[in-house]
Amino acid sequence: MNKKKKGILVAVWVAALILTAVGAVLVGSPGGEKESIKEAMRDAVLHERNVISLFGIKNVNPAFISALCVTGILLLFAAVVRIFVIPRFRMKDPGKFQILLERLVGYFDSTARTNSPHRNGFLGAYIFAAGVYIFVGTVFELFGFQAVTVNGDSIALPAPLADINGAIAMGCISYLAILNGGIVSNGFRGVSTLKEFSLPISMSFRLFGALLSGLLVTELVYYYLNLSFVLPVAVGVMFTLLHALIQTYVLITLTALFYGEVSAPPKKKAKFL
């Protein structure tokens, strides 16, 4: 990039900052929400007020609707790719999407083989599915899909794992996958994995706490800074993308490590004559 283009880029950034500062001064309002910050944060954790009717059958948390949407999107995308895209893959001169998909699958397969060399077929498939679900589910909230609560208010659907129930479900499923690997590989000796009863709890609250922190930080910025019409967007995007990448990496790594540990064959004791 030459000096002229750099100067233009700097000028654009400076102008944007000046306009943002002027807009913040002119607006002079700490936010546009009617409820207090205490009520907003409490509802973000407990979902006592903003609940959604599920086809008129039962009132559910917004995160549950998000989970259904993300699951449906992933299943539909997987079906379309498997039926219409994968049969057209080429051995020579592959397309960009083929390269991206092969590298993604190769990364999860390599992670499974590295951490569990003895049994990794199921592990690779599981951490791929779990990783994609966590990443897509976390990024899902950036699109701001709207839903109407039972009180008639319009809210943006949150990330599925921002709800404690979704995080616990993901932690328990990962724990059951690890336990399954131990039992299949070593029989009832693999049941010793039950001793690690804190594992599903730690996984669940790690996901929940990390994803919820981004939401709470955004709420604080929105309520307590005059820059509420610009800054929450940047903060929300930054926290969401970081959490999506970090939490995906952390969960698949921990799952692969524990799975490899419990599925490893027992060491034979040396016999002395």
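## The second largest pocket

Which helices each supply at least two residues of the lining of the second largest pocket? They are α3 (62-85), α4, α5 and α8 (231-263). This is a predicted model, so to speak: local features need pLDDT of at least 70, side-chain atom pairs count only at pLDDT 80 or more, and totals for chains, interfaces and linings use all residues. Numbering runs from 1 along each chain as its sequence is written, and side-chain values use heavy atoms, with hydrogens and water left out.

A pocket here is an open set of 1 Å grid points where a 1.4 Å probe fits, with protein on both sides within 12 Å along at least five of seven lines; lining residues have an atom within 4 Å of a point. This one holds about 870 Å³ of space. Its lining has 27 residues, with Leu74, Leu104, Phe128, Val132 and Val136 nearest the centre. Helix α3 gives the largest share, 8 residues. By type, the lining splits into 23 nonpolar, 3 polar and 1 charged.

## Helix α5

Helices are DSSP runs (H or I, at least four residues).

## Threonine 111

Over in helix α4 (residues 96-115) sits threonine 111. Threonine 111 counts as buried because its relative accessibility is 13%. Beyond neighbours within four places in sequence, threonine 111 is in contact (heavy atoms within 4.5 Å) with Ile127 and Ala256.

Conventions:
Buried means under 20% relative accessible area, exposed over 50%, partly exposed in between (1.4 Å probe, protein chains only). Grid points are joined across faces, edges and corners, and a volume is the space filled by probe spheres set on the points. Ala, Val, Leu, Ile, Met, Phe, Trp, Tyr, Cys and Pro count as nonpolar, Asp, Glu, Lys and Arg as charged, and the others, Gly among them, as polar.
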